[in-house]
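Here is a short briefing to read alongside the model. Keep the viewer open and follow the topics in order.

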Amino acid sequence: MATIYYTGSSLDGFLATPDHDLSWLTSRDIDPEGPMHYDGFVRDVGALVMGATTYQWVLDHLDEELGGQWPYEQPTWVLTHRDFGRPPGDVTFTDAPVADVHRAAREAAGERNVWLVGGGDLVGQFFDAQLLDEVWVQFAPVTLGAGAPLLPRRVELELLEVARNRDFVCARYAVATDGGG
Ligand SMILES: NC(=O)c1ccc[n+]([C@@H]2O[C@H](COP(=O)([O-])OP(=O)(O)OC[C@H]3O[C@@H](n4cnc5c(N)ncnc54)[C@H](OP(=O)(O)O)[C@@H]3O)[C@@H](O)[C@H]2O)c1
């Protein structure tokens, strides 16, 4: 059981364009059975945490890209100060301290992992609270020049695994516990 930031990124470290477009990512070729692919990752996830912009993106793409269904069966915490109204799935809105949110997500996840979906600063807040264990990134073959940052902190990492999955370079890192090199 770990707390993992799993995400796709541009080569220059952006999660989305400045207008929150992800087509540069979702249009790429990836083997659904290949290294570090989503299906295998999500089977071991017991709870999710995401920020308000990411939640809004999922809402905006429910019909078009997600078949009209809330895509997660696991309980999800959305950090926000906004009133989103009734959620389409098992979603808890909160502005509690990240340590409290983590405790609740951890408890719900049981033996499985907690997935920090993003964005980058939200993950940074978990890192600041020493609650981030691993970072898994699929780098798409594109630079965006600007957008939502991958992880706007200095975080020392240990490279655990690297693989190619068709268009993507997939890398798995542990957050260094000794401050890194
Ligand atoms: N490439 C990928 O695989 C991937 C993965 C994840 C996200 N994304 C995209 O990347 C972009 C990320 O957007 P973003 O950088 O704005 O990040 P975000 O984390 O999705 O949203 C940030 C917002 O979350 C709320 N929030 C964050 N921390 C909070 C806290 N401690 N307490 C209460 N509310 C808190 C705040 O909104 P309010 O105060 O307004 O409520 C904040 O403005 C989105 O376009 C998303 O779709 C892409």
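How many aromatic pairs does the structure hold? The structure holds 13 aromatic pairs, where rings of Phe, Tyr and Trp (its six-membered ring) pair if their centres lie within 6.5 Å. This is a predicted model, in which local features need pLDDT of at least 70 and side-chain atom pairs count only at pLDDT 80 or more, while totals for chains, interfaces and linings use all residues. Residues are numbered from 1 along each chain as its sequence is written, and side-chain values use heavy atoms, with hydrogens and water left out.

**Aromatic pairs**

- Tyr-6 and Phe-41 are stacked, because their ring centres are 3.9 Å apart and their planes are at 5°; planes under 30 degrees apart count as stacked, over 60 as edge-to-face and the rest as tilted.
- Tyr-6 lies in strand E1 (residues 3-9) and Phe-41 in helix H2 (residues 38-43), so this pair ties together parts that are 35 residues apart in sequence. Helices (H or I, at least four residues) and strands (E, at least two) are DSSP runs, numbered from the N terminus.
- Tyr-6 counts as buried at 4% relative accessibility, and Phe-41 counts as buried at 4%. Here buried means under 20% relative accessible area, exposed over 50%, and partly exposed in between (1.4 Å probe, protein chains only).
- Phe-41 also forms an edge-to-face pair with Trp-115, at 5.5 Å centre to centre and 85° between the planes. That pair links distant parts of the chain, with Phe-41 in helix H2 and Trp-115 in strand E6, 74 residues apart.
- Trp-115 is buried, with a relative accessible area of 4%.
- One aromatic cluster includes Tyr-6, Phe-41 and Trp-115, and among its other members are Tyr-38, Tyr-55 and Trp-136.

**The sheet**

- Eight strands form an open sheet with mixed pairing, in the order E5-E4-E3-E6-E1-E7-E10-E9; two strands pair if DSSP finds at least two bridges between them.
- Strand E5 (91-94) and E9 are the edge strands, each pairing on one side only.
- Neighbouring strands of this sheet are turned by 20° against each other on average, direction ignored. Axes are lines fitted to C-alpha atoms, for helices over the stretch in contact, and angles run from 0 to 180 degrees between N-to-C directions.
- Helix H3 (residues 52-60) packs on the sheet, where it touches strand E3 (45-51), strand E4 (76-79), E5 and strand E6 (113-118). The direction of H3 makes about 105° with that of E3; contact means heavy atoms within 4.5 Å.

**Strand E10 and its partners**

- Is strand E10 (residues 168-175) largely enclosed or open? Six of its eight residues are buried, so E10 is largely enclosed by the rest of the structure.
- Strand E7 (residues 134-139) pairs with E10 in the antiparallel sense over six bridges, and Glu-134 stands opposite Ala-174 in E10.
- Strand E9 (residues 157-165) also pairs with E10 in the antiparallel sense, over eight bridges. Asn-165 stands opposite Phe-168 in E10.
- The hairpin of E9 and E10 has two residues between the strands, and Arg-166 takes a positive phi near 45° there.

**Salt bridges**

- There are seven salt bridges in the structure, each a side-chain nitrogen of Lys or Arg within 4 Å of a carboxyl oxygen of Asp or Glu.
- Glu-161 has Arg-172 as its bridge partner in E10, and the side chains of Glu-161 and Arg-172 also meet in a salt bridge (2.7 Å, N to O).
- Glu-161 lies in strand E9 and Arg-172 in strand E10, so the pair ties together parts that are 11 residues apart in sequence. Glu-161 is partly exposed, with a relative accessible area of 33%.
- Arg-153 forms a salt bridge with Asp-121, with the closest N and O atoms 2.8 Å apart. Arg-153 is in the loop between strand E8 (148-149) and E9, and Asp-121 is in helix H5 (residues 120-128), 32 residues apart.
- Arg-153 is partly exposed at 26% relative accessible area, and Asp-121 is partly exposed at 40%.

**Leu-79**

- Leu-79 is found in strand E4 and counts as buried at 14% relative accessibility.
- Leu-79 and Thr-94 are 15 residues apart in sequence and 5.1 Å apart in space, C-alpha to C-alpha.
- Not counting residues up to four places away in sequence, Leu-79 touches residues including Val-49, Thr-94, Val-101, Leu-122 and Phe-126.
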